[in-house]
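Have the chain open as you read.

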Amino acid sequence: MALLRPPKRLSWYLPLQLRLCLSTSASTRAELFKSVPEQPIPVEGTVKGCVPDWVNGKLIRNGPGQFEFGDMKYNHYFDGQALLHSFTIQSGKVTYTSKFLQSDTYKRNMAANRIVVSEFGTLGVPDPCQTIFQRFRSYFSSLTDPSHDMSDNCMVNVYPAGDKYIAATETDFVHVISPETLESEERIQLSKHVAVNTATAHPHWEPDGTVYNFGFSSGGYTLIKIPPSQHHVMDKASVLCNVPPKNRLRPGYNHSFGATENYLIFLEQPFQMDISNILRNKILNKGVLAKDFFMWDDNTQVRFYVVEKNTGKVLDTKFVTSPCLVLHHINAYEDNGHIVLDVCAHKDGSAYFTLDVDDLNADARSHHNQFIVKPKRFVLPIGLLDSTDGGNLVSLDYTTATAELQSDGSIMCKPEIISDRDFELPRINYDQYNGKPYQFAYGMSGTFEGLVKADLKTKKSLFWAEDGCNVSEPVFVGKPGCSQEDEGVILSAVLQYEENKPPFLLVLDAQSFTELSRVEFPGIQMHRDVHGIFVPAKN
């Protein structure tokens with residue numbers, strides 16, 4: 001069995017959002033992965049060009065903004081403490097604010113002036129004098145409370161849940177935040193409301209406010225449903241289904257999942273969590289998510305699980321494909337007895353063992369060869385299995401993706417590449433086209449020096465880039481009353497490598513993918529963020 005472990009000093013965490021800064025030589029570029037001060041007082045930016053007057057609301061972004069406490073420093077990009085920032089757009093003007101999420105983890109670190117709670121790649125020091133016997137006691141406490149000493153540093157994403165907005169990471173905790181003030185209004189422990197120990201930072205939400213999410217529990221892979229509530233956001237939360245992993249000691253990792261009108265789709269992947277090492281290292285006080293907890297098994301196929309939204313029933317058909325790693329799903333939809341599933345697929349997990357903060361701030365050009373991601377389309381023929389004599393089960397005429405019955409009864413799905421340019425951190429016109437047939441996707445290039453618009457019908461792309469710029473995830477904002485899928489703007493927070501050049505909010509016309517305006521913020525230090533959301537103005 002071929003297993004891939006991370007290099008000894010590098011951390012495990014995968015979300016790919018992070019090989020961001022790799023286009024300018026080390027001698028000329030500023031560090032982008034660093035601590036920055038918060039900016040609680042709104043600052044108005046300098047507009048160059050014209051921000052369309054119909055764009056009114058807040059672009060709220062989340063990501064790590066502080067890496068040092070006292071003499072201790074976080075090792076990993078996803079260890080940094082959550083810094084929320086927002087661009088408030090109104091009548092063609094833009095103001096900027098940022099605030100650190102007042103998580104328990106952040107407050108404990110600040111009070112102790114050291115890293116107290118362990119993160120993905122850094123060991124915390126809750127009590128330097130703790131004995132081995134106290135570590136055992138802590139370990140057994142964790143058996144009855146899986147969130148014991150788990151971080152609530154929710155620095156990955158922001159998403160809506162009913163009329164609330166949630167800051168999230170991939171632990172047992174989320175924070176309800178105010179989009180107006182960026183303050184944490186409530187810290188929620190998910191396991192106290194629904195039988196799940198962790199949940200992704202990439203749920204799906206529907207127009208009525210219902211949220212679906214994927215997580216892990218003692219039952220294995222767990223899908224949860226959170227209908228809107230007039231009282232507490234988690235009042236009506238319930239488990240939709242549990243699916244036991246193929247190997248309970250090495251379940252596959254998932255960062256996101258797909259959703260259509262009637263189905264949820266998640267993958268069991270070769271990037272696996274080593275549960276035995278997790279328990280062993282917990283006793284030895286090496287943290288909850290240490291660097292050697294994850295492995296890549298290139299002898300394990302990817303399995304697609306398809307779950308009915310209404311009933312929680314898992315379809316019996318075993319859909320599989322060759323080993324790959326999917327972190328972000330682009331979109332999924334149903335078409336004539338098929339599920340069409342578009343994803344950003346990596347060849348393996350190797351690139352995600354190289355997210356050490358110091359490495360990211362060094363000249364990392366050599367890592368480009370490891371960072372290979374392809375936008376791919378898989379087609380799962382869920383309704384045609386009894387109507388074929390063999391061969392390709394896919395009958396859609398617009399795709400070259402195939403699905404063939406194997407001797408063991410499984411369906412081998414082979415994808416097609418759907419763009420002439422690689423991209424990651426994909427976004428779509430989510431409000432109108434999530435779970436439906438669509439044409440356009442937006443993302444960041446593999447080196448994150450530019451933005452991509454992919455036409456998934458023609459497989460051609462448009463590209464925006466500017467020398468010395470480091471872009472963030474592109475967020476689509478549709479024009480009110482629009483009749484075309486790509487009628488709107490793209491928003492992206494852009495950092496510049498040269499220290500004397502200010503960060504700016506980039507506004508692109510989503511159709512032509514040309515610059516409409518940029519709003520610069522001289523003298524403001526912005527952090528390298530991860531994910532976020534646009535919150536329309538209430539009026």
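## One sheet and its last pairing

Two strands count as paired if DSSP finds at least two bridges between them. In this predicted model, β26 (residues 373-380) and β29 meet that with two bridges, running antiparallel. Within that pairing, Arg377 sits opposite Glu416 of β29.

Zoom out and you get an open sheet of four strands in the order β24-β25-β26-β29, with antiparallel pairing. β24 (325-335) and β29 (416-417) are the edge strands, each pairing on one side only.

## The largest cavity

How many cavities of 30 Å³ or more does a search of the whole structure find? It turns up two. The largest holds about 360 Å³ of space. It has 24 lining residues, and the closest to its centre are His202, His329, Pro426, Arg427 and Tyr430.

Elements giving two or more residues to this lining are β9 (157-161), β14 (204-205), β24, β30 (424-427) and β39 (531-536). Edge strand β24 gives the most, with four residues. By class, the lining has 12 nonpolar, 10 polar and two charged residues.

## The second cavity

The second largest cavity comes in at about 130 Å³. Its lining has 17 residues, with Tyr159, Val174, Leu190, Ile226 and Met234 nearest the centre. At least two lining residues each come from β9, β11 (173-177), β15 (211-217) and β16 (220-226).

Notes:
Residues numbered from 1 in each chain as written. Predicted model: local features only at pLDDT ≥ 70, side-chain atom pairs only at ≥ 80, totals over all residues. Heavy atoms only, no water. 1 Å grid on protein atoms, 1.4 Å probe; cavity = no way out; pocket = protein on both sides within 12 Å on 5 of 7 lines; lining within 4 Å. Points joined across faces, edges and corners; volume = space filled by probe spheres on them. Nonpolar A, V, L, I, M, F, W, Y, C, P; charged D, E, K, R; others polar.
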